[in-house]
Amino acid sequence: DLTPGLLAWAIRRLERLRDYGREPVALHTGIAVELWRLLQEPSIGFRARRQCVTALCGKLRGLRKQFAAARGMRPYEGAHAQAVSIADLPEPLAGLRALLSWRTVQDLLLGSLEGNSHRGAPAEPPSNAEHFAESLATLVNEIRHWTAAAEAEEVVASLAQWLDPSQRSVVLLSRLMLMALPTEASARFIEDGRIFEWWELLPRGANPRFSLMWIALPARAAKVRWASGNPRPPDLILPSGRLSAVMDIVAGSMCLPVDDGKSASLDIWADDCQWAFLGGTLYRLVAKFIVYSLEPIPSGQSFPVDSLWATLELLCRRLTPCMIHTGAWTWHVRTFLYELIRCYYVRACRERFTTPGCRAHASFHLTPAC
């Protein structure tokens with residue numbers, strides 16, 4: 001008998017409970033469990049369930065940030081002790097982690113998008129079902145942090161069968177698979193070459209977002225290797241041949257006026273519902289891959305030829321003329337540089353922290369600790 005108005009009022013009240021350090025953790029986990037149950041209840045409607053999803057995302061993110069150390073950082077000790085990772089969370093957070101399932105969110109998301117695909121622009125404004133799908137896409141990305149690495153193969157098996165390049169939905173389902181894959185399992189798909197098979201499902205340039213979004217796996221793998229605490233290996237995440245192709249894709253996505261002048265073809269594989277999966281800029285992932293792949297270089301020494309510093313220098317040379325004149329590339333260049341600087345700042349600051357300290361090995365540190 002829960003009415004939408006009463007549910008909205010209750011969620012607004014719940015949003016005020018954000019002090020995870022003072023309030024009992026069982027209170028927050030209980031709220032998350034109840035929100036998880038409500039979003040699966042179709043009788044309350046898409047609008048109310050969307051509010052539940054938004055509140056659940058905020059609650060899960062708050063619990064993760066409060067009780068698990070950030071990737072690459074040592075956990076806090078004392079009154080506000082943290083677990084080393086999500087996998088080491090104690091009860092009742094461990095029970096909450098066992099309850100959350102990417103399969104449930106995947107079924108809800110695909111069900112809400114079913115029948116909402118149109119050629120060209122949608123005939124009507126987005127419905128409540130499509131807004132519900134948009135919020136579920138955010139939840140998929142959050143549950144990725146709570147999913148065990150052992151479940152990565154199940155995620156791939158459930159979605160890889162639908163990656164048909166003859167269907168327009170290949171972009172959406174590929175993005176869904178990327179969002180659901182656990183971060184710790186990213187390296188295995190690079191090592192066995194499956195990422196390159198997925199990357200080549202569509203012709204290069206057919207859909208710029210599809211060409212660029214697969215860099216998420218190398219970006220996650222680079223950060224996991226940086227945060228592992230092991231010495232830095234001599235090789236890069238991607239082979240040199242693949243790295244050159246990826247940087248060409250990045251430059252092509254920026255619409256830089258330095259190529260043969262051919263523009264990318266229309267997104268014939270795109271759905272009008274792609275905003276539910278592809279929101280936000282993908283240059284953040286490009287910057288993350290580049291920054292966490294950089295190796296420390298002694299001051300005054302030139303960049304090694306086969307290093308990512310040299311590759312980044314070549315890319316920046318192509319960006320320099322585009323900073324003078326305005327054009328279609330202006331937004332792309334500025335956004336990429338912003339994300340690159342922001343990501344470098346985050347890495348440098350974490351490596352300099354002394355309390356609680358950075359887990360990255362000293363061979364990764366770009367600058368000395370404070």
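1. Phe189 is buried, at a relative accessible area of 1%, and Trp198 is buried too, at 8%. Buried here means under 20% relative accessible area, exposed over 50%, and partly exposed in between, with a 1.4 Å probe and protein chains only. The model is predicted: local features need pLDDT of at least 70, side-chain atom pairs count only at pLDDT 80 or more, and totals for chains, interfaces and linings use all residues. Residues are numbered from 1 along each chain as its sequence is written, and side-chain values use heavy atoms, with hydrogens and water left out.

2. A search of the whole structure gives 8 aromatic pairs. In the pair of Phe189 and Trp198 the ring centres are 5.7 Å apart and the planes are at 45 degrees, so this pair is tilted. Phe210 and Trp214 make an edge-to-face pair, with 5.7 Å centre to centre and 80 degrees between the planes. Rings of Phe, Tyr and Trp (its six-membered ring) pair if their centres lie within 6.5 Å; planes under 30 degrees apart count as stacked, over 60 as edge-to-face, and the rest as tilted.

3. Both Phe210 and Trp214 are buried. Ring pairs join Phe189, Trp198, Phe210 and Trp214 in a cluster.

4. Arg242 lies over the face of Phe196, 4.0 Å from the ring centre. The criterion is NZ of Lys or CZ of Arg within 6 Å of the ring centre and within 35 degrees of the ring normal.

5. The largest nonpolar core has 105 residues, and Leu139, Met177, Ile290 and Phe336 have the most contacts inside it. Such a core is a set of buried Ala, Val, Leu, Ile, Met, Phe, Trp, Tyr and Cys residues joined through side-chain atoms within 4.5 Å. Helix H3 (residues 45-67) supplies the largest share of this core, 9 residues. Helices (H or I, at least four residues) are DSSP runs, numbered from the N terminus.

6. Which residues does Ile290 contact, leaving aside its neighbours within four places in sequence? They are Met247, Leu308, Leu312, Phe336 and Leu340. Contact means heavy atoms within 4.5 Å.

7. Helix H12 (residues 216-227) has 12 residues and spans 17 Å from its first C-alpha to its last, close to the 16 Å expected at 1.5 Å a residue. The expected span is 1.5 Å times one less than the number of residues. In H12, 11 of the 12 residues are buried, among them Arg220, Lys223 and Trp226. The cover over these buried residues includes helix H8 (170-180) and helix H16 (330-352). Gly229 follows H12 and has a positive phi, near 90 degrees.

Methods
Helices (H or I, at least four residues) and strands (E, at least two) are DSSP runs, numbered from the N terminus.
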